[in-house]
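Hello,

Here is the structure I promised to hand over. Please have a look at it first; my notes follow.

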Amino acid sequence: MKSFAEKYPMLVLLAVSVLMLFVHLGLVQTNIMEARNLITAREMVNDGHWIFTTMNGLPRYEKPPLPTWLTAIFMLIGGMQNMFVLRLPVVLVCVLLVYFFYKLVKRFQPENNQPLHASLILITSFYIFFSGRDNQWDIYTHAFMIAGIYFLYKVMNEPKNVFLNVILSSLFIGCSFLSKGPVSLYGLFLSFLIAYFIVYRQKAGKNLLLSLIVLAAGLAVGLSWPLYVKYFDPYAGTALSKQTQNWGNYEIKPFYYYWSFFTQSGLWTIPSFISLMYFYMRKRVNNVKVYTFSFLWTISSLLLLSFIPEKKVRYIMPVLIPLAMNTSFYIQYLMLSFKQITGRYEKAVVYFSFGLIALIGLAVPFVSFFLLKAKLGNYIGWYILLVVISFACSFVIIKGLKRKHFIQVFYAAVFFMCGIVATLIPISKIFYTNSNYFDAARLHGIEKKYNIQTYEGDNFVPEIIWSYGKPMLNISDNNSVKMPADTRFGLLVYPNKANELMHSFNNYSFKQLATVDLNEVPAESKQHNKRIVKNYYLVKRIE
């Protein structure tokens, strides 16, 4: 008799995706990357800068506009204050990623419900669901690329609707390019082709030609915006060139920087590492050819990204997508063969990796209570739910390991991850106790009181500009400062820069009126960020 997950895999996948992405979506504070996207979207809506995009009133061509267009559309529908609504575009695109990933894996490995398991691993991988709740560019480009790869696979393997699939593949690849340039084209698409043509050599010539046609059409879509703005705005060429140059001279890290990439899968760190042991796994999987493909796709993506000098942790996301497929082979092996495993060390690895999850589940309620104690008063409901979910999932994992019923272990681990997201996010609000919190929007009241305009005194902080609600003119330009013509004005600046200005412009008086502090944690906390703290001065010209 088939289980519920076998009968309704898409329903299970949708339920887990909702729990991982939609729950408490508006609670987390806006970060620097998200703020940049939101500011640009706001200026699209308020100022009509839909093509020639701006940030804080200045041209912003470093990032393509598709994610910002989608965000701006939701702004028009739901306004600019509701962060839940403003993050819906990235959540829906992440759901799109999970859906097409499921469909793609199903094309390669249709049996044993493995496509569902691979997709559940994907959406519960730390950096995937983290990026799927944060409205910046990364998840968009990779989600659209997976959709493009799915339709490309259909182009190469299905004789029906070839023309339609070419159009859809090209369109999604173009959307990926319009989301973050060639990032996913290089890290995900190229690595897919490398793995695919190594493993599936049949009809390589025809499939390569079809791939080039799709790629050319996709680039035509993706390059439409940068070529247009470059033609009509000379500044665009400089901005786009600078962004490209960053690949070779910015955030330079060693070649091996990404080699701990499997740890970014969070819950699946140990299983994903085991799945990368090719000569161990190839003797234990039912379909060696597909496993070899997923392994090569993962490793190709890793190597391609490692060749680029510029490296950041979030750039590793393309590798995590094929890694989820690769990890599902190890999970599938345990589901089918756990009871037959006789090797002492092989069993020990399974007991350790998933027993550790059960141990964490048992420890989380006690550690939370020890750290929070009396502070739990207003969050006692969430804490009780955390205790129930943690203990229940740990119990099922331990029971499943004892009975060697691995499918129970797997699903308990998945829903433990869902429970952590659903309960710990609201409980984390306990630490948001900064009594000095001062939203930049409150500056408008001071401006009205003193009848002044506010200027920025040094490099602008995206979170502060987003909080302020509109562009703020900057008096600094290329290490030079030009004071406004106003006889008095408001100046938002870091304290050390204010001291420099006081000495350089001694014909102005400075009076501090407020301190903008967007930190939700107090100054003594290690998470307190000085970058989002600035003083606000009333500056008067001395006649």
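**The sheet and its helix**

Four strands form an open sheet in the order β3-β6-β8-β7, with mixed pairing. Keep in mind that this is a predicted model. The edge strands are β3 (454-456) and β7 (508-517), and each pairs on one side only. From one strand to the next, the twist averages 30°.

Inside the sheet, β6 (residues 488-493) and β8 (residues 533-541) pair in the antiparallel sense, over six bridges. Gly 490 has Leu 538 in β8 as its bridge partner. Helix α21 (residues 443-450) packs on the sheet. This helix touches β3, β6, β7 and β8, and its direction makes about 150° with that of β7.

**Two helix pairs**

Start with α10 (residues 183-199) and α16 (residues 288-307). Their axes come within 8 Å and cross at roughly 140°. That angle makes α10 oblique to α16. The crossing is right-handed. Residues in the contact include Leu 188, Phe 192 and Tyr 196 of α10, and Phe 293, Trp 297 and Leu 304 of α16. By type, the contact residues divide into 15 nonpolar, five polar and one charged.

Next come α11 (residues 204-222) and α12 (residues 224-232). Their axes are 4 Å apart, and the helices pack at an angle of about 40°. They are therefore oblique to each other. Which residues meet here? Ala 220, Val 221 and Gly 222 in α11 meet Ser 224, Trp 225 and Pro 226 in α12. Four of the contact residues are nonpolar, two are polar and none is charged.

Best wishes

Definitions and conventions. Residues numbered from 1 in each chain as written. Predicted model: local features only at pLDDT ≥ 70, side-chain atom pairs only at ≥ 80, totals over all residues. Heavy atoms only, no water. Axes fitted to C-alpha atoms, helices over the stretch in contact; angles between N-to-C directions. Parallel < 35°, antiparallel > 145°, perpendicular 65-115°, else oblique. Left-handed = near helix turned anticlockwise from the far one by under 90°. Contact = heavy atoms within 4.5 Å. Nonpolar A, V, L, I, M, F, W, Y, C, P; charged D, E, K, R; others polar. Pairing = 2+ DSSP bridges.
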